[in-house]
Amino acid sequence: MKKRIMAVYDVDPFFSDRFAETANQKGQVPFTVIAFSSLERLEKFSVEQDIELLLMDVRMKEAAGKIKAEQVVFLSDGETEEEDKEKEDSYVYKYQSTANIVREVMSCYCAQPTLPPVAVGNKSLLLGVYSPVNRCLKTSFSLILGQLLAKESKVLYLNLEECSGFRRLMGQEGPGDFSDVLYYYSQGGCSWARLKSLVYHWDELDYILPARYPEDLCSISAEQMADLLTRIAREGIYEIIIVDLGQFGKMAVHILEVCDGIYMPIKQDWFSLAKVEEYEDYVKASGHENLLEKTQKLKLPYHSSFAGRKNYLEQLLWGELGDFVRQLLKGKQSWQ
């Protein structure tokens, strides 16, 4: 199945070129994005090639009827007439980041009654990060791991903690989070397009904001969560998906079963070691011994105090923890 095409036409050719270059370079959409500076070329192209999605300057709205495209989203400068807004046409404000435009465009695309199939790659590699030990740098490790892997692969980070602190850490309060993923799953509509409408970025690493309310995570069983993650992996949009597990307790084994590899940060004090031993006893007693074979325990280096929260992740990336993860990735594990 060939990859679908998103065509972009704006009266400002520099906008179209920049948008297409950024979207293609970072793989932000599961389309091939093509910029057009000529309406005539766009019209001719639409006759010869199938355009799944057309992103077009609202000032050229009348000309949109000449273009053969499955769906059209108009680029607005914020001055769209109210009478136009009341129609069924879709609009996206153009003077914002490419990432924000992509989220809004994909949200419009998802509003279709049915979504067509899309060409995808192989099943994503699922890497779980879990520990029965608290305050072991699990999330810090997960994020640094994701950022470093994203230098060479398309990586998605998912945080399943009830209170992750992630929004404050990222300074991100945008719409859409993992609660929406859970809702789409419950409705049987957790597709690649809906996921892309929820994705944010930390440099090369893609992530979906954690569920805003703990109750949303409690509404799904561990078996259902495992099924959801498997479905996301099968979409094949990402090469690697990192799952930062929260406090699922011993029920976490159902999620870890679908992971291809598991990282387990630990600590060396007696209480921490006792928790790990209890977890391993349960794994063996419950018939999940295979989890121990694909689990790598990690004693992570605790960082020195940093200057402040603003650059916390960058300081982690270039500090002791970042160096540790770089060395870890040089010795590729069997599941990689």
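**Helix packing and loops**

Modeller: Helix 7 (residues 178–186) packs against helix 10 at an angle of about 95°, and their axes are 11 Å apart. That makes helix 7 roughly perpendicular to helix 10, because angles of 65 to 115 degrees fall in that class. Bear in mind that this is a predicted model.

Colleague: Which residues of helix 7 and helix 10 meet?

Modeller: From helix 7, they are Phe-178, Val-181, Leu-182 and Tyr-185. They meet Gln-224, Met-225, Asp-227, Leu-228, Arg-231 and Ile-232 in helix 10.

Colleague: And by class, how many are nonpolar, polar and charged?

Modeller: The contact of helix 7 with helix 10 has seven nonpolar residues, one polar and two charged.

Colleague: Stay on helix 10. What span should its 14 residues give, and how far apart are the end C-alpha atoms?

Modeller: Helix 10 covers residues 222–235. At 1.5 Å a residue it should span 20 Å, and its end C-alpha atoms are 20 Å apart, so the two agree.

Colleague: Which residues of helix 10 are buried?

Modeller: Ala-222, Met-225, Ala-226, Leu-228, Leu-229, Thr-230, Ile-232, Ala-233 and Glu-235. Met-225, Leu-228 and Ile-232 are buried there, and they also meet helix 7.

Colleague: What follows helix 10?

Modeller: Gly-236, with a positive phi near 70°. Further on, Glu-239 sits in the loop between helix 10 and strand 10 (240–244).

Colleague: Is Glu-239 buried, exposed or partly exposed?

Modeller: Partly exposed, because its relative accessibility is 43%. Leaving aside neighbours within four places in sequence, Glu-239 contacts Ser-124, Leu-125, Glu-152, Ser-153 and Lys-154.

Colleague: Step back a bit. How many helices and strands are there?

Modeller: The protein chain has 15 helices and 12 strands. It has 336 residues, and 53% of them count as buried.

Colleague: What share of the contacts comes from residues 24 or more positions apart?

Modeller: 71%, taken over contacts with a separation of 6 or more.

Colleague: Now helix 5. How many of its residues are buried?

Modeller: 12 of its 12 residues. Among them are Lys-138, Ser-140, Phe-141 and Gln-147. Helix 5 reaches 16 Å from its first C-alpha to its last, close to the 16 Å expected at 1.5 Å a residue.

Colleague: What comes in the loop between strand 6 (125–129) and helix 5 (138–149)?

Modeller: Arg-135, for one, lies in that loop. Arg-135 is not a glycine, yet its phi is positive, about 50°. Arg-135 is exposed, because its relative accessible area is 73%. By contrast, Cys-136 is buried, with a relative accessible area of 4%.

Colleague: Where does Asp-203 sit, in terms of strands?

Modeller: In the loop between strand 8 (199–202) and strand 9 (205–208). Asp-203 is another residue other than glycine with a positive phi, near 55°. At 44% relative accessibility, Asp-203 counts as partly exposed.

Colleague: Last topic: the loop between strand 12 and helix 14. Is Leu-300 there buried or exposed?

Modeller: Leu-300 is buried, with a relative accessible area of 2%. Beyond its neighbours within four places in sequence, Leu-300 contacts Cys-136, Leu-137, Phe-141, Pro-265, Leu-321 and Phe-324. Phe-141 is one of the buried residues of helix 5.

Colleague: And what does Pro-301 touch?

Modeller: Leu-137, Glu-320, Leu-321 and Phe-324, not counting residues up to four places away in sequence. Pro-301 is also in the loop between strand 12 (295–299) and helix 14 (312–317).

Colleague: What are the C-alpha distances from Leu-300 to Leu-321 and from Pro-301 to Glu-320?

Modeller: Leu-300 and Leu-321 are 7.0 Å apart, at 21 residues along the sequence. For Pro-301 and Glu-320 it is 6.5 Å, at 19 residues along the chain.

Terms used: Residues are numbered from 1 along each chain as its sequence is written. This is a predicted model: local features need pLDDT of at least 70, side-chain atom pairs count only at pLDDT 80 or more; totals for chains, interfaces and linings use all residues. Side-chain values use heavy atoms; hydrogens and water are left out. Helices (H or I, at least four residues) and strands (E, at least two) are DSSP runs, numbered from the N terminus. The expected span of a helix is 1.5 Å times one less than its number of residues. Buried means under 20% relative accessible area, exposed over 50%, partly exposed in between (1.4 Å probe, protein chains only). Axes are lines fitted to C-alpha atoms, for helices over the stretch in contact, and angles run from 0 to 180 degrees between N-to-C directions. Angles under 35 degrees count as roughly parallel, over 145 as roughly antiparallel, 65 to 115 as roughly perpendicular and the rest as oblique. Contact means heavy atoms within 4.5 Å. Ala, Val, Leu, Ile, Met, Phe, Trp, Tyr, Cys and Pro count as nonpolar, Asp, Glu, Lys and Arg as charged, and the others, Gly among them, as polar.
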